[in-house]
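Work through the exercises below with the coordinates open.

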Amino acid sequence: MGWLAESLNSSIGKKFIMAVTGLSLISFLLIHLIGNFTLYGGPEAFNGYVETLEIVKPVIRVIELVLALIFILHIFNGIKLWYENKKARPDTYAVDSKKENTTFSSRTMIISGSIVFIFLVLHLATFWVAFNFSGDTHEKAMVYYSVVLEWFQEGWYAGFYVIAVLLLGFHLNHGFQSAFQTFGWNHKKYFPFIKKLGTIYAILMAVGFASIPIYFFINGGN
Amino acid sequence: MSAGNINLKLKIWRQSGMRAVGAFADYQISVSPDSSILEMLDDLNNDLEKQGKDPVVFESDCREGICGTCGLVINGHPHGPKPKIATCQLHMRHFNEGDTVWIEPFRAKAFPVIKDLMVDREGFDKIMHAGGYVSINTGGVPDANEIPIPKDVASTAMDAAECIGCGACVAACKNASAMLFVSAKVSQYSVLPQGQPEKYERVQKMVKVMDELGFGSCTNTYACEAECPKGISVKNIARLNRDFIMSKIKSNTTEIEV
Ligand code: HEM
């Protein structure tokens, strides 16, 4: 193995990849949510927003590719770390104090991550495929909003969406500060702020993303 | 014994050897609130020996919280539920009449149980051999303050050096990660001028051996800091991460020979 591969394969190397990809996904989520909020502006606002993205499609495709790579690295390494860590601690304690010395979010990263992954597959299979591969561009125009509306009127779909983004909130609550610690940025003066910022960010994302299916389910888009 | 004794139910892990299957055994004991948990186990072992039974194997040495030899998981906490003390400093007055006390060995793939409550912590020695030292020729005693070191830097190094290498961090971690231990041993040199020449080599070697020995990686749950008898801070882990990443970027070494 070359030095780079060996470095990235070490325990800290794998965590470094988790932190880099995790923070990239954190920035992506913020942009994604801001975009989604155009749904509250009604069909014109949302369809207009998607149309604008259509204009710069080649750029979007490149971003999608990078994003896919980031997700794959994050998920692959996350599962690998989880598996290796299970092997490092095969036996459990009869009495376990984990509830006293760790947070719920930190213990459940693989669970929240896995549910988010299942959600991601469903999310791409419904919205992304519908937005990108149904009919030619002109026919598609102006129907984006109604695709969203239809899906969010399905109770199970809206329900799973809400559950998934709430779990994402827990993932972010731990993940945000964890990434800084992984980079080695744990400073007496700034780290307490980073922890708070992470929690605020996690709540904003969970509430922000969850509000949309709830709004459409209850309101039916009216 | 004295009237002040308390009666406890003990559930102690018994395992006859490394490859044997272990299980909890129940014991009933009347113990003075003034005795430490290790003294209680001594009492129990005296009784067991009188009955011709195998005593419970556990480790201890200084019995004043500085050697890091004793280490039991008591009611789910390495070194017991009281913060910032070693097992030997846990007194029975913290338990109530009729309590059940669970006593288990440290559990980690890298710390296999040798017998009962005794685990093999040689892994820590191997990590130290890989780089947990400063290579200097010891001549005469250097003059005090020959190398000026700011107070807060010295304190950071001293706080890290407080680590007694007991392994409670590994025992507490859901991943059986040794990061708190390694980070303390790296930090105690990494912040001082004397540690600079070998800074990057040290961190790469110690992490390499740590990984090879099958310790887990760090999920930053911070259980280690909460359970550490010396309160070693996870800021040391951040420093370890930083030193490791910088060493990979900046040092000329492409192959780490340990
Ligand atoms: C938009 C989605 C996601 C974001 C923003 C995100 C963000 C993060 C962040 C910031 C971390 C902390 C990295 C560190 O400790 O240095 C993390 C850790 C983790 N993520 Fe994600 N993640 C996402 C999706 C996923 C998915 C789909 C999985 C699927 C398996 C996953 C699994 C994990 C695991 C297992 C960890 C803990 C790794 C460890 O510390 O041992 N994540 N994530």
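## Exercise 1: the iron site

His74(A) and His171(A) are both buried, where buried means under 20% relative accessible area, exposed over 50% and partly exposed in between (1.4 Å probe, protein chains only). The model is predicted: local features need pLDDT of at least 70 and side-chain atom pairs pLDDT 80 or more, while totals for chains, interfaces and linings use all residues. Residues are numbered from 1 along each chain as its sequence is written, chains are lettered from A and ligands numbered from 1 in the order in which they are written, and side-chain values use heavy atoms, with hydrogens and water left out.

**Task.** Find which residues coordinate the iron atom of the ligand, and classify the site.

**Solution.** 

Step 1. List the donors, which are N, O and S atoms within 2.8 Å of the metal (3.2 Å for Na, K and Ca); water is not among the atoms, so sites may look incomplete. The protein atoms found are NE2 of His74(A) and NE2 of His171(A), at 2.0 Å.

Step 2. Check the angles. Four donors count as tetrahedral if all angles lie between 85 and 135 degrees; four count as square planar and six as octahedral if opposite donors are over 155 degrees apart and all others between 65 and 115; anything else is irregular. The iron atom has 6 donor atoms with angles of 88 to 180°, and the site is octahedral. For six octahedral donors, the ideal angles are 90 or 180 degrees.

Step 3. His74(A) lies in helix α4 (residues 57-88) of chain A and His171(A) in helix α10 (residues 155-183) of chain A, so the pair ties together parts that are 97 residues apart in sequence. Helices (H or I, at least four residues) and strands (E, at least two) are DSSP runs, numbered from the N terminus.

## Exercise 2: the shell around the ligand

**Task.** Describe the residues that surround the ligand by number, chain and class.

**Solution.** 

Step 1. Collect every residue with a heavy atom within 4 Å of the ligand. There are 25, and the closest are Lys15(A), His74(A), His171(A), Ser178(A) and Thr182(A).

Step 2. Sort by chain. Chains A and B both contribute residues, so the site is shared between chains.

Step 3. Sort by class: Ala, Val, Leu, Ile, Met, Phe, Trp, Tyr, Cys and Pro count as nonpolar, Asp, Glu, Lys and Arg as charged, and the others, Gly among them, as polar. The shell holds 14 nonpolar, 10 polar and 1 charged residues.

Step 4. Look for polar pairs. An N or O atom in the side chain of Lys15(A) is 2.6 Å from an oxygen atom of the ligand, and a polar side-chain atom of Ser178(A) is 2.5 Å from an oxygen atom of the ligand. Helices α2 (11-36), α4, α7 (109-133) and α10 of chain A each give two or more residues to the shell.

## Exercise 3: Arg61(A)

**Task.** Determine where Arg61(A) sits and which residues it touches.

**Solution.** 

Step 1. Arg61(A) belongs to helix α4 of chain A and is partly exposed, with a relative accessible area of 31%.

Step 2. Leaving out residues up to four places away in sequence, Arg61(A) touches Trp128(A) and Asn132(A), contact meaning heavy atoms within 4.5 Å.

Step 3. The side chains of Arg61(A) and Asn132(A) are joined by a polar contact of 3.0 Å. Such a contact is a pair of N or O atoms within 3.5 Å; within protein, one must be able to donate a hydrogen and the other to accept it, and residues adjacent in sequence count only if both atoms are side-chain atoms.

## Exercise 4: the two chains

**Solution.** 

Step 1. Inspect helix α5 (residues 179-190) of chain B: 12 of its 12 residues are buried.

Step 2. Check backbone angles in chain B. His79(B), not a glycine, has a positive phi of about 65°; His79(B) lies in the loop between β4 (77-78) and β5 (100-104) and is buried at 1% relative accessibility.
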